[in-house]
Amino acid sequence: MPKICVLDGDGIGPEIVAQALRVLERIGERFGRTFTFEHALIGGCAIDAVGGPLPEETVNACRGSHAVLLGAVGGPQWDDLDPAIRPEKGLLGIRKELGLFANLRPARLFRELQDACYLRPDIAEKGLDVMVVRELTGGIYFGEPRGEETRDTGRVGYNTMIYHEHEIRRIGRVAFEAARKRRGRVCSVDKANVLDVSRVWRAVMREVAQEYPDVELSEMYVDNAAMQLVRDPSQFDVVVTGNLFGDVLSDEAAAITGSIGMLPSASLGDGGPGLYEPIHGSAPDIAGQNKANPLATILSVAMMLRHSLGMPEEADAVERAVETTLSQGLRTGDILQPGTRAVGCAEMGDAVLACV
Ligand code: IPM
Ligand code: MG
């Protein structure tokens with residue numbers, strides 16, 4: 001019986017997660033599966049309750065489950081805290097604790113949302129289906145030394161962008177494997193014209209490519225990649241990149257599809273539970289108002305069914321239900337277009353549920 005650890009988090013987290021869990025339960029009824037849920041605290045709500053963003057009980061609850069579903073963390077009320085205990089530390093901490101080095105962020109343009117796409121129609125027409133494979137437990141997010149201090153010259157802040165060969169190799173393999181199941185192309189994004197860390201990244205990626213003669217490797221500097229993503233995203237299949245570049249490029253890839261409210265993600269390690277979350281944040285400005293788009297979280301449940309629970313048919317059913325819902329013209333505020341019908345978070349959940 002699959003056990004899911006649920007981390008509702010802050011802001012719109014609890015609302016969107018509630019809808020995703022309803023869809024999962026409906027899937028269970030339809031396919032004769034029973035899922036059990038254990039809720040645990042992360043982020044700002046954990047800081048308020050127990051004084052830190054990632055309580056040990058939460059880490060243990062995640063370790064004892066088959067998969068983790070997360071809403072979002074953070075909010076303005078915790079922005080002035082000591083950086084060591086900010087809500088974001090909870091998210092970074094759980095990724096690290098569970099060894100979730102591979103973050104899969106698929107950005108695709110739903111046919112039904114073509115009008116919401118920010119790109120020129122002739123560019124959108126060519127399609128957009130990119131899988132960003134972001135390294136998640138290394139790079140500048142975790143590199144040492146790091147710090148803020150005062151020196152003779154004044155205040156300084158610094159971080160270290162460092163990648164070990166084995167970290168590059170394992171994320172590279174995830175990207176090449178993903179490309180095999182897609183259109184057979186990997187674009188490795190770095191800043192090798194400036195950064196030493198990127199030159200090692202590039203060299204190791206080329207070595208990994210030798211193991212996958214059936215997959216084509218290309219290389220791009222991150223500034224150019226940011227530009228190419230809006231000029232002609234149809235050129236990309238799988239994009240593999242480090243933690244910081246992947247953070248930025250995945251938001252860009254998501255936004256050009258029309259709304260960041262549509263994009264799911266999976267974070268995977270070597271065995272152990274995977275973690276599934278929408279790529280958007282906690283949207284404190286609309287929290288608690290039944291306005292949030294739950295589709296990214298619902299689509300994250302589909303990724304969970306596929307990648308952690310070995311239930312591909314169930315995953316397909318969730319994705320089809322989302323597409324059907326969109327084709328019925330229902331839209332939350334972020335994807336609202338002339339001629340479509342505005343609904344709230346719960347109504348969107350109802351509609352998807354009805355389509356499962
Ligand atoms: C993301 C977020 C996180 C990140 C933050 C909230 C720590 O932006 O998942 O993309 O930078 O990884
Ligand atoms: Mg981000």
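So, helix 1, residues 13-31: in this predicted model that helix lies across strand 1 (3-9), strand 2, strand 3 (67-72) and strand 12 (274-278). Relative to strand 3, helix 1 runs at about 145 degrees.

Now look towards helix 9, residues 243-256. Helix 9 lies across strand 4, strand 5 (129-135), strand 8 (185-190) and strand 10 (238-241), and its angle to strand 5 is about 155 degrees.

What's the strand order? Reading across, you get 2-1-3-12-11-4-5-10-8-9, an open sheet of 10 strands with mixed pairing. At the edges sit strand 2 (36-39) and strand 9 (216-221), each pairing on one side only. From one strand to the next, the twist averages 25 degrees.

Let me zoom in on one pair. Strand 4, residues 102-108, and strand 11, residues 264-268, are antiparallel, paired over 3 bridges.

Who's touching whom? On the helix 6 side we have Glu 165, Ile 168, Arg 169, Ile 171, Gly 172, Arg 173 and Phe 176. They meet Val 200, Trp 201, Val 204, Met 205, Glu 207, Val 208 and Ala 209 in helix 7. Sort the residues of that contact by type and you get 9 nonpolar, 1 polar and 4 charged.

Notes
Residues numbered from 1 in each chain as written. Chains lettered and ligands numbered in written order. Predicted model: local features only at pLDDT ≥ 70, side-chain atom pairs only at ≥ 80, totals over all residues. Heavy atoms only, no water. Contact = heavy atoms within 4.5 Å. Helix = DSSP H or I, 4+ residues; strand = E, 2+ residues; numbered from the N terminus. Nonpolar A, V, L, I, M, F, W, Y, C, P; charged D, E, K, R; others polar. Pairing = 2+ DSSP bridges. Axes fitted to C-alpha atoms, helices over the stretch in contact; angles between N-to-C directions.
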